[in-house]
Structure formats: structure tokens, C-alpha cells
Amino acid sequence: MAHDHDHRLDRRHLLTGILAMVGGVAVAPIARASQAGMDPGDTPANPYMTADQRALTAAVSERIIPTTDTPGAIAAEVPAFIEMMLSEWYWQDERDMVMAGLSAIEAFARKTYGKPFTAITPLQQDA
């Protein structure tokens, strides 16, 4: 039987999942934030995304770090962390790469399934 402390949210551990989501483009901004002493629990001071982009980011991050017997990405506030990183620590060309990736995911869902990513099934989202 697992102990309660095994199920606590470990934001630093979740950074690994964030790196998987945004790939190599996250390395330099995370290094910049880390050198500046940024707390991984921070939320964006200057909102960067639209409501639709936030919903898409939440859906994608939850598929990468799903809720199981431990909190998933949404419960861990990973989408807010991603937006904070984009807003505060990414340079414009880095932001553009991440946003282009989100746009490509959304375009794939609409072209393939005729619906936004947030409206398709988890199996379709995984594809």
C-alpha cells in the first residue's frame, strides 16, 4: 500500500513532463528561469494565451501527464506554468515555435476529426 507522501504533487518532477511536451525549445527558457531563482509554482503575471489556447494546452498536457493515482497536469497547474514560462522567460522566436506546435495539434484534430482537440476522445488526442 502506498503512503500518502507518495501521492503528493512534486512540481519539479513534473518539469520532466513539460520538457516532453514542448521539447528542446524549453531547455534554454527553463535554464534562464532557474538561474534567476524562479519558483516552479509561479503563474503568469502577464497572460499570454487566449482562452482557447489555454484549453488546448490543458488538454495536451493532461494527455502527457494524466491523472492516475497521482495528480495530472491540470491538477498540478502545468498549463499555468507553461503560460508563465512563455510569457516571462521565452524569447519571441521560442514562443513562436511552441505556439506553432499548438496550432499544428489543433489543425490536425480539426482536419482529421472535424472537431477541436478539446472535443475529441482521449484515444484520438493521443494519435
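Is Glu-83 buried or exposed? Some notes on that and the rest of the model follow.

1. Glu-83 counts as buried, at 4% relative accessibility. The cut-offs: buried is under 20% relative accessible area, exposed is over 50%, and partly exposed is in between, with a 1.4 Å probe and protein chains only.

2. Before going on, a word on what we have: this is a predicted model, where local features need pLDDT of at least 70 and side-chain atom pairs count only at pLDDT 80 or more, while totals for chains, interfaces and linings use all residues. Residues are numbered from 1 along each chain as its sequence is written, and side-chain values use heavy atoms, with hydrogens and water left out.

3. The fold reads α-α-α-α-α-α along the sequence, with six helices and zero strands. Helices (H or I, at least four residues) and strands (E, at least two) are DSSP runs, numbered from the N terminus.

4. Some totals: the protein has 127 residues, and 36% of them count as buried. The accessible surface is about 7,500 Å², with 57% belonging to carbon and sulfur atoms; areas come from the Shrake-Rupley method with a 1.4 Å probe, and for residues only the protein chains shown count as cover. Take the contacts (heavy atoms within 4.5 Å) between residues at least 6 apart in sequence: 70% of them join residues at least 24 apart.

5. Back to Glu-83. Its side chain meets that of Arg-54 in a salt bridge, 2.8 Å from N to O. Glu-83 sits in helix 4 (residues 78-88) and Arg-54 in helix 3 (residues 51-64), so the pair ties together parts 29 residues apart in sequence. Arg-54 counts as partly exposed, at 33% relative accessibility. A salt bridge here is a side-chain nitrogen of Lys or Arg within 4 Å of a carboxyl oxygen of Asp or Glu, and the whole structure has three of them.

6. Another of these bridges joins the side chains of Arg-63 and Asp-126, at 2.8 Å from N to O. Here too distant parts of the chain are linked: Arg-63 is in helix 3 and Asp-126 in helix 6 (residues 122-126), 63 residues apart. Arg-63 is partly exposed at 30% relative accessibility, and Asp-126 is partly exposed at 46%.

7. Glu-106 and Arg-110 also meet in a salt bridge through their side chains (2.8 Å, N to O). Both lie in helix 5 (residues 92-113), four residues apart, about one turn of the helix. Glu-106 is buried, with a relative accessible area of 16%, whereas Arg-110 is partly exposed at 47%.

8. That pair turns up again in the second largest pocket, where the lining includes Glu-106 and Arg-110 along with Asp-52, Leu-56, Met-99 and Thr-118. The pocket volume is about 160 Å³. Helix 3 and helix 5 are the elements that give two or more residues to this lining, and helix 5 has the largest share, with five residues. By class, the lining has five nonpolar, three polar and three charged residues.

9. Lastly, Glu-88 is found in helix 4 and is partly exposed, at 33% relative accessibility. The C-alpha atoms of Glu-88 and Ala-45 are separated by 7.9 Å, with the two residues 43 apart along the chain.

Definitions and conventions. On a 1 Å grid over the protein atoms alone, a cavity is a set of points where a 1.4 Å probe fits but cannot get out, and a pocket is an open set with protein on both sides within 12 Å along at least five of seven lines; lining residues have an atom within 4 Å of a point. Grid points are joined across faces, edges and corners, and a volume is the space filled by probe spheres set on the points. Ala, Val, Leu, Ile, Met, Phe, Trp, Tyr, Cys and Pro count as nonpolar, Asp, Glu, Lys and Arg as charged, and the others, Gly among them, as polar.
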